[in-house]
Amino acid sequence: MRTFDCSCGETLFFDNTRCMSCGADAGFCPVCQKLVPLVGSDEAGLRCGNTACGAALVKCNNYRYERVCNRCVVLPADGEPAEPLCSCCRYNAVIPDLSKEDNRNKWRRLEAAKRRLFYQLDLLGLPRGTEADGFDPPLSFEFKEDPVPLWSGQTYDNNELLNGQEVVMTGHLNGKITINLREADPVERERLRVHFGERHRSLIGHFRHEMAHYYWDLLIKGRREPAFAAVFGDPDAPSYSDALQAYYQRGPSPHWAQHFASAYASMHPWEDFAETFAAYLEMVAILDTAHHMGMLGPLDLLIEPGVDHDRMVTAYAYVGTALNELNRTMGLRDVLTRPLTKPVVEKMRFVHDLIEAVRAPASAE
Ligand SMILES: [Zn+2]
Ligand SMILES: [Zn+2]
Ligand SMILES: [Zn+2]
Ligand SMILES: [Zn+2]
């Protein structure tokens, strides 16, 4: 992630809705693709505060009225925008019930993670899967609660009924990404992380993983399945449901750490792909941020088209060591909990080559 400049000279950050120095409203301008100070007012009209841009803007409805977004949409000269939601919010099919306490905070956290996901997909030139662009199935998001609230700390491993009701499973199906709202509660998420023995559990991590399942449908199914099977294994033997059952009965493959990005990745080739894809996006996000923070010294930006995968992995190991040591000084968990093994690097190379093959030409930025 990069940082941005306010007209007062202060730094603006991707999540800001206000400049911490001059107090100007801030928002993401879809024209210049920057987090900018907003000039004017909601009532009289807003302009992008980047003087090279100056686009007429209006805040996304989820920014102006719901306070869960910080993006703007372009205001056409002849009146209201056709779509009052920004290019991240318009994918929402189900939003949380805002009459319930704390749900707005949970929704805000989910949207913040989703915006980061989209920023990264745009950076890599990956398709966003809109219906208008002819993507089938189109992408959408559902943020849902269990019908009967679980008691704190209660966990479920599988598609189970709890208290006689079906639980909301975080997952992807036919373009629809569902996130259980409980994941947006930091205490519950940490309990789940410990229960599942995961190194990290985060909202952005969920989005990266589920988006990978969507891309499998969009980019691999019926197009690159033999190449996929050569790297990740045959997804039909065993079937997904058999593999799922076996995983929750017997646990992960004993040698998972050598061959997989995570224990869960050893469950089935589709989960292996999703975990590997998410691990690749983590690497890209960290390299992007490290570059913009000046941590990579004279090294180029390591995410532009045509970049060598091995160079990325080497730089990632270097930055990861620094990140881990910084975290340890603060008593926090490691960011990179173990070195990337050769089999994992090779699977990440498949993701790298896939993205190289499908990415749109880089924008002017
Ligand atoms: Zn300012
Ligand atoms: Zn602008
Ligand atoms: Zn929005
Ligand atoms: Zn999955």
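Hi everyone, let me start at the metal: the zinc ion, ligand 2, is coordinated at 2.3 Å by the SG atoms of Cys29, Cys32, Cys48 and Cys53. Please keep in mind that we are looking at a predicted model.

What is the geometry of that zinc site? The angles among the four donor atoms run from 105 to 112 degrees, and the site is tetrahedral. If you follow the donors of ligand 2 along the chain, you will find the spacing C-x2-C-x15-C-x4-C.

Are they buried or exposed? Cysteine 32 has a relative accessibility of 12%, so it counts as buried. Cysteine 48 is buried as well, at 4% relative accessible area.

Now let's move over to the helices. The axes of α8, residues 269-292, and α10, residues 342-358, come within 9 Å of each other and cross at roughly 75 degrees. An angle of 65 to 115 degrees counts as roughly perpendicular, so α8 is roughly perpendicular to α10.

Which residues make this contact? From α8 we have Asp272, Phe273, Thr276, Phe277, Ala279, Tyr280 and Met283, and α10 brings in Lys347, Met348, Phe350, Val351, His352, Leu354 and Ile355.

Methods: Residues are numbered from 1 along each chain as its sequence is written. Chains are lettered from A and ligands numbered from 1 in the order in which they are written. This is a predicted model: local features need pLDDT of at least 70, side-chain atom pairs count only at pLDDT 80 or more; totals for chains, interfaces and linings use all residues. Side-chain values use heavy atoms; hydrogens and water are left out. Axes are lines fitted to C-alpha atoms, for helices over the stretch in contact, and angles run from 0 to 180 degrees between N-to-C directions. Helices (H or I, at least four residues) and strands (E, at least two) are DSSP runs, numbered from the N terminus. Angles under 35 degrees count as roughly parallel, over 145 as roughly antiparallel, 65 to 115 as roughly perpendicular and the rest as oblique. Contact means heavy atoms within 4.5 Å. Donors are N, O and S atoms within 2.8 Å of the metal (3.2 Å for Na, K and Ca); water is not among the atoms, so sites may look incomplete. Four donors count as tetrahedral if all angles lie between 85 and 135 degrees; four count as square planar and six as octahedral if opposite donors are over 155 degrees apart and all others between 65 and 115; anything else is irregular. Buried means under 20% relative accessible area, exposed over 50%, partly exposed in between (1.4 Å probe, protein chains only).
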